[in-house]
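Try each task before reading its solution.

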Amino acid sequence: MFICEGAPAQPFSRLITAPISTLKNAKVWRMKVRNVDKNPAADYHRIVFLAGKKWIIRVFCERSDFGTTVSFTLTPKRKLDKSKFFLGRARMFLLNQEDKEWNYQMDSSFSVNYGSSDFSRFYEDFYEDLTKENGFLNDSGALEVEIQVFIDRILDVNLKFSHFNFHDSFNDDQFFQFYSYKTSEHDLYSKSQMLHFHSPVISELIKGGFRKLPIVKESQFELIHLMLQIVHGTFIRFKNEFQIRQLLPLAKRFKIYTVTRKCEFRLIQILRETESGERSRKIWECLWLARFYDLPHLSCATLKLITNLKEIKDLGNGMNLERMSGESMKAVASRIFSFA
């Protein structure tokens, strides 16, 4: 089972009635629990798309001699990674058919994760029966509710950092969208102002009235998601060097300096960790990457690793001089003369 953990349950008698107000950036669903007036226990569920995954939202209504209990649960349709926690906020309204000012509202923060034993209920102990007379059931005997859920980040326990959620569009329409031709499950949304600040290319698109770009290849989805994480200041770890080499062209295309620098400093770490037997080949590769993607720190760190003429000779044997830039050749020549 999965768990939707929130604040301690509060009885309805303590809640303040309120008109409907939308939780910022939340997705909103209207739902009807049918036959509440006839059955002591009734429920309704639907499948929704939230934070890049399919979830089941279930609303449960149970009537007894002591009153009525209403609750709802949020369950991933498929099992989650055991290390992942989805963190967010939820809001639920019981809609009054007679007077909208008497809608019952409750907010709660929550986390959803793998392997827990039960759900906590957001609503407990409504010490009135839900009837048509008091406005909480419609003419057909159904209870109408509004559910609002927003997952703002995803925590990875093993890596001890959070991902921002870019899967859900923002209510204020101030977003930039990367969309997929094949499935909306791969759409990514980001605050326009954030991309306007980091990318002059996307900034010009926004100024021209364009607010979305296609993800041409599905393989680019993970890279664009990773790029947005870096832009929004999330601490990330690259899977491997190949992922960095894939991300560099994307950063160059959108001219995102922050992503380029993140890749550059990781390449420097990889270079320093390279064993001496592989260092000559790695130095040449890094010099080429530094030139092609304008990575001055990588270029400087690479040349500093050349400590003697033998390494220069080994480096020359592995170089493809036809692809080597004039600037790189000058830098290597300068390093050779420094040993004289």
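**Exercise 1.** Decide whether K255 is buried or exposed, and then find where in the chain K255 is placed.

Solution. Start with the surface: K255 has a relative accessible area of 55%, so K255 is exposed. The classes are buried under 20% relative accessible area, exposed over 50% and partly exposed in between, with a 1.4 Å probe and protein chains only. Next, K255 sits in the loop between α4 (241–254) and α5 (257–273). Finally, K255 is not a glycine, yet its phi is positive, about 55°.

A note on the source: this is a predicted model, where local features need pLDDT of at least 70, side-chain atom pairs count only at pLDDT 80 or more, and totals for chains, interfaces and linings use all residues. Residues are numbered from 1 along each chain as its sequence is written, and side-chain values use heavy atoms, with hydrogens and water left out.

**Exercise 2.** Work out which loop holds A51, and whether A51 is buried or exposed.

Solution. A51 belongs to the loop between β4 (41–50) and β5 (53–64). Its relative accessibility is 3%, so A51 counts as buried. Its phi is near 55°, a positive value in a residue other than glycine.

**Exercise 3.** Describe the surroundings of T302.

Solution. First place T302: helix α7 (residues 296–304) contains it. T302 counts as buried because its relative accessibility is 0%. Leaving out residues up to four places away in sequence, T302 touches L271, I283, C286 and L287 (contact: heavy atoms within 4.5 Å). Last, 7.8 Å separates the C-alpha atoms of T302 and I268, which are 34 residues apart along the chain.

Note on methods
Helix = DSSP H or I, 4+ residues; strand = E, 2+ residues; numbered from the N terminus.
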